[in-house]
Amino acid sequence: KAPPEGYVCNACKQKGHWVYDCSKYQPSKKAKKPTKSETSSTQANKKTAAKQAEQPSTSVENNKVFIRGLPFDTTQVSLKKKMEEKAGPVKFVNVITFEDSKRCK
């Protein structure tokens with residue numbers, strides 16, 4: 001879609017194209033300001049984490065860890081070994097795999 005008549009690119013100060021299509025356009029590297037809902041959800045997460053830190057974790061539910069982005073060839077044995085190297089004793093590990101290839105999801 002062409003820009004409206006009179007639109008001037010903020011990157012090169014020329015007409016005829018959008019700033020996002022400009023060869024001189026460099027996206028800002030500063031962090032975007034969080035929206036009000038993002039700020040309130042972050043604050044709620046911090047409060048929940050603080051409450052959990054105050055209470056001793058005794059149930060399995062409080063001690064679950066979910067890990068994503070594992071290599072496809074990850075096995076339960078290899079993951080348990082790696083976790084024990086980093087964090088100490090691990091009670092249970094479950095790696096979810098694809099039915100057909102048996103690769104880690």
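**An aromatic pair and the helices of a predicted model**

One aromatic pair is counted in the protein, where rings of Phe, Tyr and Trp (its six-membered ring) are taken to pair if their centres lie within 6.5 Å. The ring centres of Tyr7 and Trp18 are 4.9 Å apart and their planes meet at 50°, so the pair is classed as tilted, given that planes under 30 degrees apart count as stacked, over 60 as edge-to-face and the rest as tilted. Tyr7 and Trp18 are 11 residues apart, and both belong to the segment before helix 1 (36–54). With a relative accessibility of 29%, Trp18 counts as partly exposed, a class that lies between buried (under 20% relative accessible area) and exposed (over 50%), as computed with a 1.4 Å probe on protein chains only.

The model is predicted, with local features requiring pLDDT of at least 70 and side-chain atom pairs counting only at pLDDT 80 or more, whereas totals for chains, interfaces and linings use all residues. Residues are numbered from 1 along each chain as its sequence is written, and side-chain values use heavy atoms, with hydrogens and water left out.

Two helices and zero strands are found in the protein, where helices (H or I, at least four residues) and strands (E, at least two) are DSSP runs numbered from the N terminus. Helix 2 (residues 76–87) has 12 residues and should span 16 Å at 1.5 Å a residue, which agrees with the 16 Å between its end C-alpha atoms; the expected span is 1.5 Å times one less than the number of residues. Just after helix 2, a positive phi of about 100° is taken by Gly88. Of the 105 residues in the protein, 10% are buried.
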